[in-house]
Amino acid sequence: SGAQGDTLDSIKQLPDWSGNWTLDSESFRRVVQTSDSPDPDNPNVPKLTRRYWDYRMVNKVQNKGTDGSGARNNAALCIPDGMPGMMSIPMGHEYLFTPGRVTIILENGEVRRIFTDGRPHPEDPDLKFSGHSTGHWEGSVLVVDTVAILPKSEFFVGMPGAPGTRVQERIFKNQTGKMQIDTVVTNPGVFLEPW
């Protein structure tokens with residue numbers, strides 16, 4: 001037999017993620033606080049290299065200190081948020097399971113394809129806003145590795161991406177019935193440690 005979720009029969013054994021999943025206001029507030037928090041001891045605040053810290057401060061000044069608008073903001077420029085920012089915006093996400101793939105469709109039209117058929121990342125991938133994602137199932141948890149993310153993508157609102165970013169996620173329905181996505185973003189040119 002193949003990988004979990006590799007056939008129509010095995011998809012029936014996967015968790016039920018049907019419906020439209022939306023980031024609730026409490027979770028979105030945590031995302032905004034994370035990206036704009038001045039508290040260096042908050043473990044969710046990204047520890048940025050000097051170049052990106054300076055960019056972040058200039059961006060805040062250009063926005064007169066307001067949260068969320070971003071001097072350089074993909075949504076304001078009518079381009080996709082991209083990875084990883086697209087997974088933390090407050091709009092609906094729908095998960096579609098097909099043999100060897102999970103597709104995530106966002107209300108704003110962005111689409112992610114997570115290949116679960118065992119393929120590796122391409123050696124010379126085309127860069128895309130959503131990157132190239134491979135994943136596998138560990139029981140009811142979808143474990144995802146994303147590379148080849150277009151640098152025009154955003155880490156979070158108003159914070160541009162950078163070449164060489166890697167995003168690792170564990171996506172699952174938690175004990176309260178909510179969708180939970182544990183995410184680690186690495187890029188040594190941007191973050192002093194994985195975020």
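Good morning. Please keep in mind throughout that the structure before you is a predicted model. I shall begin with the whole protein, then turn to its sheet, and then to several individual residues.

The protein contains 3 helices and 9 strands. Along the sequence, the pattern reads α-α-α-β-β-β-β-β-β-β-β-β. Of its 195 residues, 43% are buried. The accessible surface amounts to about 10,600 Å², and carbon and sulfur atoms account for 54% of that surface. If we take the contacts between residues at least 6 apart in sequence, 50% of them join residues at least 24 apart.

Let us now consider the sheet. In what order do the 7 strands of the open sheet stand? The order is S1-S2-S3-S4-S5-S8-S9, and the pairing is mixed. At the edges stand strand S1, residues 93-98, and strand S9, residues 179-186; each has a single partner strand, so one side of each is left without a neighbour in the sheet. From one strand to the next, the twist averages 25 degrees.

Ile105 has Val111 in S3 as its bridge partner.

Is strand S5 largely enclosed or largely open? Residues 141-147 make up this strand, and 7 of the 7 are buried, so S5 is largely enclosed by the rest of the structure. In S5, both faces are covered. On one side we find Val141, Val143, Asp145 and Val147, on the other Leu142, Val144 and Thr146, and all of these are buried.

Which strands pair with S5? One partner is strand S4, residues 132-138, which runs antiparallel to S5 and is joined to it by 7 bridges. As an example, His132 has Val147 in S5 as its bridge partner. S4 and S5 form a hairpin, with 2 residues between them. In the turn, Gly139 has a positive phi of about 65 degrees. The other partner is strand S8, residues 166-173, and this pairing is also antiparallel, over 5 bridges. Here Asp145 has Gln168 in S8 as its bridge partner.

We turn now to charged side chains. Side chains of opposite charge can pair when their charged atoms come close. How many salt bridges does a search of the whole structure find? The search finds 7, and I shall describe some of them.

In one, the side chains of Asp117 and Arg119 meet at 2.8 Å, N to O. Asp117 is partly exposed, with a relative accessible area of 32%, and Arg119 is partly exposed as well, at 37%.

A second salt bridge joins the side chains of Arg170 and Glu138, at 3.1 Å, N to O. Arg170 lies in strand S8 and Glu138 in strand S4, so the pair ties together parts that are 32 residues apart in sequence. Both residues are partly exposed: the relative accessible area is 34% for Arg170 and 39% for Glu138.

The side chains of Arg166 and Asp145 meet at 2.7 Å, N to O. This pair links distant parts of the chain, with Arg166 in strand S8 and Asp145 in strand S5, 21 residues apart. Arg166 is partly exposed, with a relative accessible area of 34%. Why does Asp145 count as buried? Its relative accessibility is 15%, and buried means under 20%.

Finally, I draw your attention to Glu169, which also belongs to strand S8. Glu169 is buried, with a relative accessible area of 2%. Its side chain is joined to that of Arg112 by a polar contact of 2.8 Å. Leaving aside residues up to four places away in sequence, Glu169 touches several others, among them Met83, Met87 and Ile181. Its contacts also include Leu142, Val143, Val144 and Thr146, which are buried residues of S5.

Thank you for your attention.

Definitions and conventions:
Residues are numbered from 1 along each chain as its sequence is written. This is a predicted model: local features need pLDDT of at least 70, side-chain atom pairs count only at pLDDT 80 or more; totals for chains, interfaces and linings use all residues. Side-chain values use heavy atoms; hydrogens and water are left out. Buried means under 20% relative accessible area, exposed over 50%, partly exposed in between (1.4 Å probe, protein chains only). Helices (H or I, at least four residues) and strands (E, at least two) are DSSP runs, numbered from the N terminus. Two strands pair if DSSP finds at least two bridges between them. Contact means heavy atoms within 4.5 Å. Accessible areas come from the Shrake-Rupley method with a 1.4 Å probe; for residues, only the protein chains shown count as cover. Axes are lines fitted to C-alpha atoms, for helices over the stretch in contact, and angles run from 0 to 180 degrees between N-to-C directions. A salt bridge is a side-chain nitrogen of Lys or Arg within 4 Å of a carboxyl oxygen of Asp or Glu. A polar contact is a pair of N or O atoms within 3.5 Å; within protein, one must be able to donate a hydrogen and the other to accept it, and residues adjacent in sequence count only if both atoms are side-chain atoms.
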